[in-house]
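Please open the model in your viewer and keep a selection panel at hand. The stops below are meant to be followed in order.

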Amino acid sequence: MTISLAMSLRQIVRLFGWILNCLSARIRATVVFPLRLLWCRLSTSYSQRSGRQFRKPQNIPPDCQGPKYEGDRARDRTPPTISTSDWSVANASIPPISTQGLGQLHTQAELTATPLSPITGRRIYPNVGLYRCTPLALHENANRTTLDQLPEISEIPACTTHFISQSPPDWQLFIHPNGMRYFWNPGKSVLTEADLFDNRKLTHINAAIAKLERRIRGNSAGEPQFNIPSKRHLVLDLGREVDGKVQCGYYYAAPDLQCLFWLETFPHQDVQHFLLKTPGVRNMSHIRYMFESHYWEHFRLFPHVQNIPEGVIVNAKNMLLYDNFSGTTDSLSTAVFEPEESRVLINLLNEVQSSIQPNQSSPHAVSIIGWIMSIFALHKFKNFHGQVNARYSRDQSVYQVIKPNQTALFFFLSLILFRSPETHLQSLDTLVLDGWIFLAAWKRFVRELHLEWRDLTIIATVLLATNVGFLAIPGVGTNTPGPREHWPSSLVTYPYYPAIKGWETVNDKVSPIAHGLVITTII
């Protein structure tokens, strides 16, 4: 008991001492140091105005010490040196890169390496932090410019006939068919959605490019040199500023290999996030579909710098044809689209194929093809295509799942409601499986539910008319004379009207809510 009490008192004393240290540090930072700084500046200003010379005070804070206290000797002071830990320097000479394959994803592709474009002179860039990102993360960046942060146009000059903004040097401005603008550097094959008209953001983008180029070729003998494909796109995404350092997301896209790659090894936690927390992924042949899905999303986001690969339109039409066949003949099919949607997309691809000339591409057509191919690649990944446990129907789980038994309350309520909850539960079990929602089946289910509720609304309206007629009988109601035994029957009919109107409101909102869920799941 004595030992425990002594230990407790010791901890209390240590805590009290820590609190005093924090308070003293806070007082020095917020009161003492600003007052000393103000006194130094007032003394210097008074000496310059009156011409009087003051003796240099002792124990001056570091920020107050400077050329003002040393008179004419300040002109002989050499400029301060820049630490290499705070700044990154881009050298002019760049050695060539050796050639090898790209990991285990694509071993058949022939890779050639070309030297990076040289940087003339010697440039000093601010230090930036790099992290891995994906094309989907570009839409999640919360550090975007809002309308209230931009200045408005005050006047339009006379005889204005050109409305194109001048792009920064070495950069080209493109506008996506959905309205988003992005910049393309053809010399370095770099893409970014950052606002490069802002010189500060342009400087950070150039710093990120220089840092990645330096990392690829290796700064010293102890650092490895990366073997990357010669044809590649670098995508940069400026993020928030953390600890005075701007964070910049990046990824490389290889058009010939139809995949993405990064310069760091993925740790386990990042792998799970990249694979959408899908358990049971064991083979690189399975992960390939997720890489392809991200690549086609990149293909869709930056359409002006893409070329439609040969045969990709035919491949997309073949997948839509089989998706149409599977959704029409199999009630438990894992089809991505409904048969009617598949037919519309096939006709759309036929129009795209007939409108594109050889060796040409349209940004609108590229966006359409990228969207379709990205969805089908993700569909292959989530259904484990090519694996021993591939899913080919909606009632088949790829995992060993034990369904929970129904509770007594659910069983009792299901009997009262004529087994309707149990029927809907069985339908939902075939719509949501292993954490995924089958969109085509979900839309069909919601459409049938909407029709069922509309029929119930019609029946409820008939019952409402019957109740109104019942209340019109003389002697029924609280405001008409008659025997009191009729009052409970009239009171029961009153809640019918608000209940029916509420049901109609829910029925009208079922279709928009379901459509919103489907769109959110696709994105």
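Predicted model: local features only at pLDDT ≥ 70, side-chain atom pairs only at ≥ 80, totals over all residues.

Residues are numbered from 1 along each chain as its sequence is written, and side-chain values use heavy atoms, with hydrogens and water left out.

Begin by selecting helix H9 (residues 420–431) and helix H10 (residues 439–471), whose axes come within 9 Å and cross at roughly 160°. Helices here are DSSP runs of H or I with at least four residues, strands are runs of E with at least two, and both are numbered from the N terminus; the axes are lines fitted to C-alpha atoms over the stretch in contact, with angles running from 0 to 180 degrees between N-to-C directions. H9 and H10 are therefore roughly antiparallel, a term used for angles over 145 degrees.

Next, show the side chains where the two helices meet: His424, Ser427, Leu428 and Leu431 in H9 face Ala441, Trp442, Phe445, Leu449 and Glu452 in H10, contact meaning heavy atoms within 4.5 Å.

Now move to the largest nonpolar core, which has 71 residues, and select Leu236, Tyr250, Tyr251, Phe302 and Ile308, the members that touch the most others. Such a core is a set of buried Ala, Val, Leu, Ile, Met, Phe, Trp, Tyr and Cys residues joined through side-chain atoms within 4.5 Å, where buried means under 20% relative accessible area, exposed over 50% and partly exposed in between, with a 1.4 Å probe and protein chains only. Centre on Ile308: leaving aside its neighbours within four places in sequence, Ile308 is in contact with Phe299, Ile313, Ile356, Ser361, Ala365, Val366 and Ile369. A second, separate core of 9 residues includes Leu433, Trp442, Val446 and Trp453.

Then select Asp170, in the loop between strand E3 (128–132) and strand E4 (172–175), which has a positive phi of about 70° although it is not a glycine. At 61% relative accessibility, Asp170 counts as exposed. Asp434, in the loop between strand E10 (432–433) and strand E11 (436–437), also has a positive phi, of about 55°, and at 23% relative accessibility Asp434 counts as partly exposed.

Finish at Asp237 in strand E7 (residues 233–242), which counts as buried at 7% relative accessibility. The C-alpha atoms of Asp237 and Cys133 are separated by 8.2 Å, although the two are 104 residues apart along the chain.

Technical notes. Parallel < 35°, antiparallel > 145°, perpendicular 65-115°, else oblique.
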